[in-house]
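This report covers selected local features of one model. Please keep the sequence and the structure at hand while reading.

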Amino acid sequence: MVGVTLVSMTATPPLLVGNASGFYGDRLAAVHEMLTEGRIDVLTGDYLAELTMAILGRDQLDDPGRGYARTFLRQMRDSLTLVMERGVRVVTNAGGLNPRGLADRLTELADGLGLEPRIACVTGDDLIDRAEELGLGSPLTANAYLGAFGIAACLDAGADIVVTGRVTDASLTVGPAAAHFGWTPADLDALAGATAAGHVIECGTQATGGNYAPPTGRRSEVPDPGRPGFPLAEVHADGSAVITKHPGSGGTVTTGTVTAQLVYEIRGPRYPGPDVTTRLDTVRLTQQGPDRVLLSGTRGEEPPPDLKVGLTNLTGFRNEVEFLIPGLDAESKAALVERQLRAGLSPREPDDLRFTLVPAEDPHGPTQDAATARLRVVARDHDPAVIGRSFGAAAVELALGSYAGFHLTSPPRDARPDGVAATSAFVPAAEVAHTAILPDGARLPVAPAPRTRALAAVPEPPPPDPLPDGPTRLAPLGLVLGARSGDKGADANLGVWVSDDMAWRWLATTLTVDLLRELLPETAGLRVTRYLLPRLRAANFWIEGMLAPGTARREGTDPQAKGLGEWLRARRAPIPEALLEEVERP
């Protein structure tokens, strides 16, 4: 059943949670900025993603003592004194595959600075030693997504800094809120509200105008973000929250920037987590004033009985070479290269060899660059020697015996790891030893959610009435809708939204799965599911297998689908004139 929060909004003051990292490699100065630009109670940092776990796994192959986000140590070297002076508590998943190791390095750092922070950590997510026993195969990394109550236990025990391994991104916000307000697993609505807030701020400046693509007709809503400041969530005792930022920092916070983040990396109205399933279709957004957006009304349900486990594997090795083909007859020249290169690699051709011709902008163009096509050849193999420098040398050997105008973009190079195959599995929560290691070294087991509910699809809500028939104009979709897209393992997520009810009537009744397939031919043959979120005036498309190894998308320039939404916004479709007039009005 839906949970009812048992605490009063007036019982405890709001908790101000700020985020200073959205990924491993984010702005180093952000921690110092968040500590000096204004008041904050808790500072969080999200460093983990599927790719990051594989990077950390490779680090540990070289040195078992690594496996954590080393940039966090650099940030603490610069800012730990400020953290202690201002009484700010720090919660981060920078521990990655080795939270105990990072906690030890932090202790050494603090000793050198003459400081004595109380440091705790959360463990139990790493299942690599039990992977085969749990039916997970033999991956490079295997980490369960833990929830918020291990973090809360550490804070309740007086921790100044909490280092975790793989917890859900939103748990970095939910844990401090649960400790601050005394929430229990029964406070499902409060947990869900804080989860929604944590989901908004987890990707840093994407909540304050970064990577933001509103409907073009509404672009004045967001001025030039400059150097966006990092976001804050002012969390209240009932789980409602105001998303904001420090006064004077760059960027802006609007219902649009918050919507863009809410529809990012989700799969439908039910957003499952280890502590609560958040009903994103219940979230209401209200612009309270400049740079203040209230999230309210969020309802929570019992979490599913199983925890998600993120798995990564290295997928062999790869190498590539690019032939530049100027002028006429590019197709026949490319065909000649393919025949010659395959013959040169005989008898041991790589396991996978792909030839992709990118046509010239204009074969008769006024510049040589414009008149040059590119033939990209990508080779993959489990043996790096097969596609190492000998592969590039086979291409170079064609230089004087191939097509007219032959030249390459780079000399031969060694093969390199092919990257990551990220997948997921599920294990019963009781199989995971979620543990809080408190500042005094005591180990506290964290029980799984006492009540669970299997996930079920939410019936699609009835669509609104379509717009009256009228004239249309072929125009880019970006005039009327915003979009944000990204990756979840082998699948792509594409969220779109509009700014008013008229546009919503058009979006919900027009942008169907069939139309999306027409507009984005790469989705042909893939399973695509649409989810409507009427309160956000948004739709979420889940595109399965679009980013799997071997697909055109994974082979191309955008293997994480970050630009998929912008491609959709650039596509032309018939749009009602009445709608275009509305969004183009000054």
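Arg537 sits in the loop between strand S26 (528-533) and strand S27 (538-543). Its phi is positive, about 50°, although Arg537 is not a glycine. Arg537 is partly exposed, at 27% relative accessible area. Buried means under 20% relative accessible area, exposed over 50%, and partly exposed in between, with a 1.4 Å probe and protein chains only. Helices (H or I, at least four residues) and strands (E, at least two) are DSSP runs, numbered from the N terminus.

The model is predicted: local features need pLDDT of at least 70, side-chain atom pairs count only at pLDDT 80 or more, and totals for chains, interfaces and linings use all residues. Residues are numbered from 1 along each chain as its sequence is written, and side-chain values use heavy atoms, with hydrogens and water left out.

**Backbone exceptions**

Most residues other than glycine have a negative phi, and most peptide bonds are trans. Asn211 has a positive phi, near 55°, and is not a glycine. Asn211 lies in the loop between helix H7 (188-201) and strand S7 (231-235). With 61% relative accessible area, Asn211 is exposed. A cis peptide bond links Ser346 to Pro347, with omega about 10°. Pro347 belongs to the loop between helix H9 (330-345) and strand S16 (352-358).

**Helix pairs**

How do the axes of H3 and H4 cross, and at roughly what angle? The axes of helix H3 (residues 70-86) and helix H4 (residues 99-113) come within 10 Å and cross at roughly 25°. H3 and H4 are therefore roughly parallel to each other. The crossing of H3 over H4 is right-handed. On the H3 side, the contact uses Phe72, Leu73, Met76, Arg77 and Leu80; on the H4 side it uses Leu102, Arg105, Leu106, Leu109, Ala110 and Leu113. By class, the contact of H3 with H4 holds 9 nonpolar, no polar and 2 charged residues.

Some terms apply here. Axes are lines fitted to C-alpha atoms, for helices over the stretch in contact, and angles run from 0 to 180 degrees between N-to-C directions. Angles under 35 degrees count as roughly parallel, over 145 as roughly antiparallel, 65 to 115 as roughly perpendicular and the rest as oblique. A crossing is left-handed if the near helix is turned anticlockwise from the far one by less than a right angle, and right-handed if clockwise. Contact means heavy atoms within 4.5 Å. Ala, Val, Leu, Ile, Met, Phe, Trp, Tyr, Cys and Pro count as nonpolar, Asp, Glu, Lys and Arg as charged, and the others, Gly among them, as polar.

Turn to the pair H6 and H7. The axes of helix H6 (residues 171-181) and H7 come within 7 Å and cross at roughly 140°. That makes H6 oblique to H7. H6 passes H7 in a right-handed crossing. Thr173, Val174 and Ala177 of H6 meet Leu191, Ala194, Thr195, Gly198 and Ile201 of H7. The contact of H6 with H7 divides into 5 nonpolar, 3 polar and no charged residues.

**Buried residues**

| Residue | Relative accessible area |
|---|---|
| Thr257 | 0%, buried |
| Ala379 | 0%, buried |
| Thr52 | 8%, buried |
| Leu345 | 10%, buried |

Thr257 is placed in helix H8 (residues 255-262). Which backbone atom does the side chain of Thr257 reach? The side chain of Thr257 comes to 3.0 Å from the backbone nitrogen of Thr254.

Ala379 is part of strand S17 (residues 372-381). Not counting residues up to four places away in sequence, Ala379 touches Phe317, Arg318, Asn319, Pro350, Asp352, Leu353, Ile387 and Phe391. Ala379 and Pro326 are 53 residues apart in sequence and 23 Å apart in space, C-alpha to C-alpha.

Leu345 is in helix H9. With neighbours within four places in sequence left aside, Leu345 is in contact with Pro350, Leu353, Phe391 and Ala394. From Leu345 to Leu61 there are 284 residues in sequence and 32 Å in space, C-alpha to C-alpha.

Thr52 lies in helix H2 (residues 50-62). Leaving aside neighbours within four places in sequence, Thr52 contacts Tyr24 and Tyr47.

Technical notes: A polar contact is a pair of N or O atoms within 3.5 Å; within protein, one must be able to donate a hydrogen and the other to accept it, and residues adjacent in sequence count only if both atoms are side-chain atoms.
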